[in-house]
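Please open the model in the viewer and keep the selection panel at hand. The tour begins with one whole chain and then turns to a pair of its elements.

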Amino acid sequence: MKTVGLTKIYGGRIKALDGVDLNVESGKVFALLGPNGAGKTTLMRILTTQIKPTSGEAYVFGLSVVREGAKVREMVSYVPQEMSVWTDISGYENLLIYAKIYGIPPSRRNKLIWEALENMGLSEFANNLVKTYSGGMIRRLECACALLTRPKILFLDEPTIGLDPSARKAVWERLSIFRKENGATIFFNTHYMDEADLYADEIAIINRGRIVALGTPESLKHSLGGEIISLEVEDSAFGSKVLEAIKGLDVVSDIIMGGNEVNIVSRDAEHSLPEIMDILRLNGVSVRRVSITKPTLDDVFLKYAGVRLEPVAAGRISEVRHVRSMIRRG
Amino acid sequence: MRGFMRNAFAMIELEMRRLKHDRTELYSRAVQPILWIAVFGPIMGSVRAIPTGGIPYTDYITPGALIQSTTFVSIFYGLTIVWERESGILKKLLVAPASRYSIVIGRAMASGVRAIFQALIIIPVALLMGVRFTPSVLNFILALLVIFVSSGGFAATSILVASFMKTRERFMGIGQALTMPLFFASNALYPVAMMPEIMQWIAHFNPMSYVVDAVRSLMITGNLANLPIDLAAIFIFDAVMFVVASINFRRIIE
Ligand SMILES: Nc1ncnc2c1ncn2[C@@H]1O[C@H](COP(=O)(O)OP(=O)(O)OP(=O)(O)O)[C@@H](O)[C@H]1O
Ligand SMILES: [Mg+2]
């Protein structure tokens with residue numbers, strides 16, 4: 001999957017995407033991380049041939065999403081951000097209708113449907129009306145729909161939106177099993193930092209329609225310069241000799257002193273801490289308190305986007321409410 | 001072509017499965033036409049104010065009430081589409097390898113299936129009220145076919161409206177504004193010749209008039225002289241609406 005200078009302007013005014021260049025290798029799990037309104041959904045809708053970009057190009061397996069939309073549609077599966085199953089029929093029936101739309105031959109249909117249901121842990125509830133499902137079950141059913149056709153690439157728009165942590169974990173466990181068995185590519189949008197951190201091979205951070213950072217979760221975190229060991233010491237004995245000794249450790253890149261507090265920047269805090277403690281003890285420095293701070297994707301986000309991702313709690317409640325109200329209406 | 005049929009049938013199957021789980025809408029939508037047939041018909045009939053060509057007034061308006069009901073079902077079918085737009089269902093359908101023609105026409109046909117079930121609820125009530133149908137199975141089946149096909153056209157119209165009026169409220173507004181004029185500017189309750197001139201003119205462009213006329217001649221009068229014209233009008237209406245609604249369908253998710 002590849003985009004070149006992708007730009008989308010809605011109604012001549014709202015610039016939702018502003019020159020996005022991305023390259024996703026096949027077989028990878030790729031996360032697009034960004035706050036509300038960053039343009040995640042817009043990008044995914046262009047990639048799934050729903051809307052046309054204002055300018056720029058996008059390719060899925062080398063096929064242009066603008067000119068070869070029909071071929072692209074045969075290879076992808078997509079779970080929209082909003083709820084996307086019929087609630088007045090059963091879970092099984094939802095899969096059956098999709099199996100028919102995708103032209104899965106009758107001989108294999110039943111087997112594939114039950115596999116997908118089982119894969120998402122829904123077999124017991126297969127014949128219940130979707131109306132009676134919980135938010136997590138609905139999301140799993142949607143994933144089951146997406147897996148049914150054995151796609152080469154899965155587009156998931158906020159696949160765990162509105163789910164509690166255990167339900168999120170369940171969805172991801174099952175998605176990873178599917179990916180391992182089928183070697184599919186997964187491209188997902190999220191505004192949950194930890195989700196991108198845990199499940200993605202590669203992350204792109206998007207803000208206001210621009211990709212502001214790109215890399216593996218580790219490399220993004222390392223790009224902040226490493227982990228920080230904070231020590232609170234008895235000031236008296238902390239001289240330049242100690243300083244030089246600690247600086248001599250090859251994982252340590254910097255020391256910042258401020259009164260009784262010493263901040264040591266290290267690439268690998270856990271391993272360097274014992275050595276540092278040895279040096280301090282040898283020189284008679286007594287330490288009152290130690291703490292290690294590892295950079296989180298939140299810090300990464302702060303650095304590259306200039307803002308923190310909004311706290312998700314409030315958003316999540318309204319999302320759940322939204323999903324629920326949609327179900328009730330159906 | 002195979003894909004087309006496959007998708008259209010999947011859409012019809014979806015509707016049947018929905019009906020299997022919940023038929024309350026069919027019953028609640030049957031109340032109004034039954035009132036026309038059971039109350040309005042006998043009362044107006046006793047006045048003998050409307051020339052019906054020698055058939056009892058209740059018999060005369062039965063096809064009208066029937067078609068009013070099935071047409072309304074189809075016209076409000078777009079509400080389903082609006083709901084599916086608000087949820088992500090349409091987005092997902094449009095990312096599936098299915099042509100928009102197959103989706104639109106399939107769903108229009110699905111609405112036609114719903115309309116047939118609607119008719120099958122109302123007809124027994126009419127029989128109980130003593131309405132005399134032409135004793136011909138072929139005519140009866142043809143009439144149901146006319147209802148099926150014409151409902152498809154109205155549903156496509158409704159899908160087209162839904163593509164422009166993207167919210168439930170706006171859709172309801174248009175739907176309400178459309179249905180009653182369609183009903184009163186047709187030959188459902190009185191012959192077109194009795195209407196004011198402007199209304200007559202409108203009635204000639206009102207597809208509902210042709211549907212009522214076709215069903216009336218098949219089910220009640222047995223006089224099939226006008227049937228070819230009626231069928232031709234319904235066919236043109238369907239073809240135009242299917243094409244226009246399909247062309248505009250992608251607009252709905254933009
Ligand atoms: N159909 C549309 N018409 C006009 N503007 C739109 C449309 N869809 C999105 N936008 C605008 O484009 C911008 C990006 O929206 P988008 O939905 O892509 O963001 P997102 O990253 O998916 O956000 P969220 O986390 O809320 O889903 C927003 O300012 C949004 O208001
Ligand atoms: Mg979004």
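**Chain B as a whole**

Select chain B: of its contacts (heavy atoms within 4.5 Å) with a separation of 6 or more, 80% come from residues 24 or more positions apart. This is a predicted model, in which local features need pLDDT of at least 70 and side-chain atom pairs count only at pLDDT 80 or more, while totals for chains, interfaces and linings use all residues. Residues are numbered from 1 along each chain as its sequence is written, chains are lettered from A and ligands numbered from 1 in the order in which they are written, and side-chain values use heavy atoms, with hydrogens and water left out.

Colour by secondary structure next: chain B has 12 helices and 0 strands, assigned as DSSP runs (H or I, at least four residues, for helices; E, at least two, for strands) and numbered from the N terminus. Along the principal axes, the C-alpha atoms of chain B fill a box of roughly 55 × 40 × 35 Å. Of the 254 residues, 56% count as buried, that is, under 20% relative accessible area with a 1.4 Å probe, protein chains only.

**The pair H8(B) and H9(B)**

Now select residues 137-164 and 168-184 of chain B, which are helices H8 and H9; they pack at an angle of about 145°, with axes 10 Å apart. Axes are lines fitted to C-alpha atoms over the stretch in contact, and angles run from 0 to 180 degrees between N-to-C directions.

Show side chains: Phe154(B), Ser158(B), Val161(B), Ala162(B) and Phe164(B) of H8(B) meet Arg170(B), Phe171(B), Ile174(B) and Leu182(B) of H9(B). By class, this contact has 7 nonpolar, 1 polar and 1 charged residues, where Ala, Val, Leu, Ile, Met, Phe, Trp, Tyr, Cys and Pro count as nonpolar, Asp, Glu, Lys and Arg as charged, and the others, Gly among them, as polar.

Methods: Buried < 20%, exposed > 50% of the residue type's maximum accessible area, 1.4 Å probe, protein only.
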